[in-house]
Amino acid sequence: MIWKKNQKRSFFKKLLKGMEFADIMFPNVQNADLNTNLSVNENIFKEIFQGSSDIVFRPIEVQGETKILFIYIDGLCDSKTLEQVALKPLMFDGLPDALGKVCNVEQIIEKQLIAITQVQKETKTANLVNVILKGNIVILIDGVNKALVAELKGFEKRSVEEPSAETSVRGPRDGFTETLRVNTSLVRRRIRSVKLKMESITVGEVTQTDIVIAYIDGIAPDSVVEEVRKRVQRIQIDGVMESSYIEEFIEDSSWSPFPQVQNTERPDVVSSSLLEGKVAIFVDNTPFVLVVPLTFWGGLQAVDDYYERSLYTTFIRLIRYSLFNIALLFPSLYVAIVTFHPQLIPTNLLISIAAAREGVPFPTVVETLLMEFMFEGLREAGIRLPKPIGSAVSIVGALVIGQAAVQAGIVSAPVVIVVSTTGIASFATPRYNLGTAYRMLRFPMLILAGTLGLYGIVAGVFFVLIHLLKLRSFGVPYLSPVAPLILKDLKDVFIRVPRWSMTYRPALISGANKKRTPEGQQPSPKHGGRDT
């Protein structure tokens with residue numbers, strides 16, 4: 001098919017307007033109905049799928065009278081089940097004598113000749129093209145202007161495994177896969193309620209990616225659900241390869257280093273988030289599910305926080321918050337104090353630092369920036385290299401480079417200790433994208449500390465706090481429930497009280513149904529046993 005210049009221009013205009021893929025490529029079949037002649041229908045679909053070797057056209061005859069054509073994509077359809085359930089009975093067994101001649105689609109469905117679940121009828125050619133591209137089977141019958149659409153997907157898929165990025169000591173071991181319906185079923189297994197709603201949306205003019213918006217009716221605020229629905233529906237893009245494509249279109253502030261959308265591979269995290277009133281966004285072909293809204297404190301909470309006793313969780317959470325602040329401020333404080341405020345350091349420690357820095361040609365801020373840059377490079381190299389050698393290269397590289405740099409007099413030993421401690425502290429952040437935000441902010445904080453000392457650090461901290469106070473995630477303040485202060489919601493921020501004490505859902509996240517647990521369930525030795 002040779003396109004003229006004006007035809008090419010018309011094609012791209014239609015593409016920009018957001019039309020269906022089949023409508024763009026084949027405008028003559030946009031609203032066309034099927035013909036009663038099977039040969040005509042076959043020629044139309046062969047013209048549409050011209051040059052696609054993976055499209056299978058399988059014609060058969062039933063008792064030499066009725067011609068039937070199966071159209072599907074090789075690799076996306078369960079061909080073995082198709083042969084056993086549909087092709088073999090029709091080709092070899094034939095029709096039962098009581099049926100007579102097959103003359104319409106309704107008769108095939110009524111008599112259960114094709115025992116495939118989720119069978120529907122379709123007459124529009126363009127719609128049939130789209131369902132074929134999604135891995136369904138189209139069945140055309142001679143003399144009938146309707147087609148059967150049978151969902152018999154059978155492509156290769158990864159089994160359910162434990163997520164590698166979100167491991168836990170105690171808790172479920174299953175994780176999401178790249179198959180959309182497998183992911184939604186993992187959540188359905190945990191929330192067996194008719195109030196769990198899952199709305200389907202298709203995004204991507206070329207890829208036609210399936211997206212599911214999940215929420216619990218009555219628990220999720222209607223305003224948040226409607227906002228999520230609007231933001232997803234207004235996306236116009238040619239293709240969606242991963243949920244991050246959707247994330248960048250729906251977040252409130254694209255230029256903020258802090259994430260406003262949570263991504264997770266764990267079905268238990270999504271289920272617990274839905275029970276709090278949040279909304280989940282499933283995207284086909286990716287194991288990462290998006291959860292909104294996200295708060296700053298929610299990004300610091302780990303999976304194990306809700307599977308261990310409250311005392312253990314509170315202790316670990318306080319340590320995690322301390323390490324989180326160390327990851328941002330420790331290098332800056334070292335540079336500021338050593339450079340501008342040495343009087344704040346004890347005398348013996350100051351002498352040790354001065355002796356270690358003797359012969360180092362660079363200022364403290366320069367050697368710290370240099371070591372931070374090298375540490376980030378080693379971390380990135382460890383991620384990109386193959387797993388068997390990635391961890392070994394990152395660890396050995398850090399030891400060798402650090403030791404060699406100290407012996408060569410390029411950097412001092414205290415700087416290596418500070419950078420190493422900061423790196424270890426940054427690993428304690430449960431959410432990778434939130435830890436990346438602090439890694440980014442560490443460099444401007446170092447520059448402020450190297451130029452203005454402690455005053456620069458205070459100015460940088462105030463700037464970050466002001467930004468966090470202004471930030472929103474789907475209308476929810478990012479620092480809630482601390483700012484604005486909601487006292488009853490502080491039970492799950494800095495500490496984690498026992499589960500029987502968390503009677504209400506988060507006030508700014510949940511909808512009308514805010515009651516989570518009835519009161520008066522505190523355990524007592526006198527309840528459920530003998531008095532002692």
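Student: How many residues of β7 are buried?
Tutor: A residue is buried if its relative accessible area is under 20%, exposed if over 50%, and partly exposed in between (1.4 Å probe, protein chains only). In β7, 7 of the 8 residues are buried, so this strand is largely enclosed by the rest of the structure. In the protein, buried residues make up 45% of the 532 residues. Please note that this is a predicted model, in which local features need pLDDT of at least 70 and side-chain atom pairs count only at pLDDT 80 or more, while totals for chains, interfaces and linings use all residues. Residues are numbered from 1 along each chain as its sequence is written, and side-chain values use heavy atoms, with hydrogens and water left out.

Student: How many helices and strands does the protein have?
Tutor: Helices (H or I, at least four residues) and strands (E, at least two) are DSSP runs, numbered from the N terminus. The protein has 18 helices and 12 strands.

Student: Which strands form the sheet that contains β7, and in what order?
Tutor: Two strands pair if DSSP finds at least two bridges between them. Here 5 strands form an open sheet with antiparallel pairing, in the order β6-β7-β9-β10-β8. At the edges stand β6 (196–203) and β8 (262–264), each with a single partner strand, so one side of each is left without a neighbour in the sheet. From one strand to the next, the twist averages 25°.

Student: Which helix lies across β6, β7 and β9?
Tutor: Helix α7 (residues 180–188) lies across these strands and runs at about 165° to β6. Axes are lines fitted to C-alpha atoms, for helices over the stretch in contact, and angles run from 0 to 180 degrees between N-to-C directions.

Student: How are α12 and α16 packed?
Tutor: Two packed helices are described by the angle between their axes and the distance between the axes. For α12 (residues 310–340) and α16 (residues 413–426), the angle is about 160° and the axes are 7 Å apart. That makes α12 roughly antiparallel to α16; angles under 35 degrees count as roughly parallel, over 145 as roughly antiparallel, 65 to 115 as roughly perpendicular and the rest as oblique.

Student: Which residues of α12 meet α16?
Tutor: Contact means heavy atoms within 4.5 Å. Leu323, Ile326, Ala327, Phe330, Pro331 and Tyr334 of α12 meet residues of α16 that include Pro414, Val415 and Val418. The contact of α12 with α16 has 10 nonpolar, 3 polar and no charged residues. Here Ala, Val, Leu, Ile, Met, Phe, Trp, Tyr, Cys and Pro count as nonpolar, Asp, Glu, Lys and Arg as charged, and the others, Gly among them, as polar.

Student: How do α12 and α18 cross?
Tutor: Their axes come within 9 Å and cross at roughly 155°. That makes α12 roughly antiparallel to α18. Leu329, Ser332, Leu333, Ala336 and Ile337 in α12 meet Leu454, Ile457 and Val461 in α18. By class, this contact has 7 nonpolar, 1 polar and no charged residues.
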